[in-house]
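The following note sets out several points for a reader who is new to structures of this kind. Please keep the model in view while reading.

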Amino acid sequence: MKEELQLLRQQAFINGEWTDALKGKQFSVRNPATGEIIAQVADLGITETKQAIAFAGQALVTWRATTAHERSAILKRWFKLIMLYQMPLAQLLSQEQGKPLNESLGEIAYGASFIEWFAEEGKRTYGETIPSPAPHRRLVTIKQPVGVVAAITPWNFPCAMITRKVGPALAAGCTLVLKPAAETPLTALALAVLAQEAGLPAGVLNIITSTDATGVGATLTASDTVRKLSFTGSTRVGKLLMAQSAETVKKLSLELGGNAPLIVFNDADLDSAVEGALAAKFRNSGQTCVCANRILVQDGIYDAFAERFSAAVAALKVGPATDHESQQGPLISSAACRKVEEHIADALRQGASLLTGGKPHALGGQFWQPTVLINVTSTMRIAHEETFGPVAPLFRFHDEQEAIEMANDSESGLAAYFWTQNIQRAWRVAEALESGMVGINEGLISNEVVPFGGIKQSGLGREGSRYGIEDYLEVKYLCFGGI
Ligand code: ADP
């Protein structure tokens, strides 16, 4: 390597140039553990977004004409650079997002894995030949990039939510305009530094940093040049963007909210269930869309599970990412803390009890005590809304049918988890759960080789796996006549 690359960038990235806002506007990025301002980032608007779309449109002409092998070589170099810079990237990620350093290191590796995976999958976007019903015709399909893609990403995984959109889009031959969350733009910009170093041509990946999410979102969705929108975030904003995209009939990939059930049957291995529930609930301090939001425990094992689980939760070490022993970071904002507080208060008012936690953490600021609630019921807010925080509510059920009904009593259908040692039950329940992903005796189920995505109001499309690239390709049918 020549010299250390400067990863901390505070300008947007358009057409391969580091760019200020036209009017010089900036916004502050804060460390959620301390409240400290760590960067002043260019605050772009509608005009710059239109420019970025135009550059992405120009770059598409040459990028889509490169071979999958050429694109793969650039993506592999990018992957290697991300892993080479894993530690400084993780430190930056922890600073702007708050998660413990180990989790950030894991996220960088997880994020990078999508780039490597799609560098390979891009070479396998096969078409097919179709037996013709007419003797003088030959019928084939080819796959082509959809075109310019708009990507809008959230703050909870500032690296991985980007790479699992950008990886397949670039591999397929698409160009992008990306708007990362205003809470966490720094990891996105650092990734762009490395993409440029890997040889990604100007205009192929453009990054709009902005606090005007509404204006930028409306500009991206109104554009005829943008042929696809890939969004990860709240169900509310996803629905809005879906409605806005109707005007130009865009292809859509939406990864929206979840309300994941985690079911523990009487015949579960208790140690495994406690460990899995801890991982599924408390990763990123409960701020992931696949976090277990409702823990359903069968009568016969309820008390034993509650006791062991709450002891494990109480032992979680809360602290800033600078303390390498920390297992739980701060929440992203004071609004996030308020939601946690409201969900707990509502549950307690309606008859739930606390086994551990329940209050702001002694560290102050946006730190919250890891919390376990028992005797939670379906009338409580926590049963129907995603808490997105470190609160584990334990519901009680009597039999398998009731557990399935409770689990499916949600508009969301992203992830679900359950613990049982009975193989017949494992199949029955896995098939009956209304969700896109199911963990059976396992609480951490995401990686780059499997399809991540939801059903019902949790979204459209799949990310990762061999399906992930299809969302960025159009199938074209060719009919050769007169043969
Ligand atoms: P969260 O509650 O996790 O912040 P949001 O859906 O609000 O989820 O945010 C996810 C992403 O969507 C962020 O990049 C945010 O800036 C963006 N966003 C929020 N509102 C809009 C909007 N009206 N149009 C387009 N993007 C939006």
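1. Helices and strands are runs assigned by DSSP, a helix having at least four residues and a strand at least two, and they are numbered from the N terminus. On this basis, lysine 456 belongs to strand E20, which covers residues 455-456. The model discussed here is predicted.

2. Apart from neighbours within four places in sequence, lysine 456 is in contact with Glu411, Ser412, Gly413 and Glu434. Alanine 321 is 135 residues from lysine 456 in sequence, and their C-alpha atoms are 36 Å apart in space.

3. Leucine 81 is found in helix H2, residues 68-84. With 22 other C-beta atoms within 10 Å, leucine 81 is buried. Which residues does leucine 81 touch, not counting those up to four places away in sequence? They are Leu194, Glu197 and Ala198. For alanine 198, the separation along the chain is 117 residues, while the C-alpha atoms of leucine 81 and alanine 198 are separated by 7.4 Å.

4. Helix H8 comprises twelve residues, 235-246. From first C-alpha to last, H8 reaches 17 Å, close to the 16 Å expected at 1.5 Å a residue. Its buried residues are Thr235, Gly238, Leu241 and Ser245. Viewed down the axis of H8, these buried residues fall within an arc of 125 degrees, so they line one face of the helix. In general, an α-helix has 3.6 residues a turn, so residues three or four places apart point the same way.

5. On the other side of H8, the exposed residues are Arg236, Ala243 and Ala246. What covers the buried residues of H8? The cover includes helix H7 (213-222) and the strands E10 (226-232), E11 (251-255) and E21 (459-460).

6. There are 14 residues around the ligand, of which Ala213, Gly217, Gly233, Ser234 and Val237 come nearest. H7 and H8 are the elements that give two or more residues to this shell. By type, the shell residues divide into eight nonpolar, five polar and one charged.

7. An unreviewed UniProt entry lists residues 18-477 as "domain: Aldehyde dehydrogenase". In the model, residues 18-477 are 40% helix and 21% strand, and the end C-alpha atoms of this span lie 40 Å apart.

Definitions and conventions: Residues numbered from 1 in each chain as written. Predicted model: local features only at pLDDT ≥ 70, side-chain atom pairs only at ≥ 80, totals over all residues. Expected span 1.5 Å × (residues − 1). Buried ≥ 20, exposed ≤ 12 C-beta atoms within 10 Å, placed from the backbone. Arc of directions from axis to C-beta. Contact = placed C-beta atoms within 7 Å. Near = placed C-beta within 6 Å. Nonpolar A, V, L, I, M, F, W, Y, C, P; charged D, E, K, R; others polar. UniProt positions renumbered as here; feature names shortened; annotations may be inferred.
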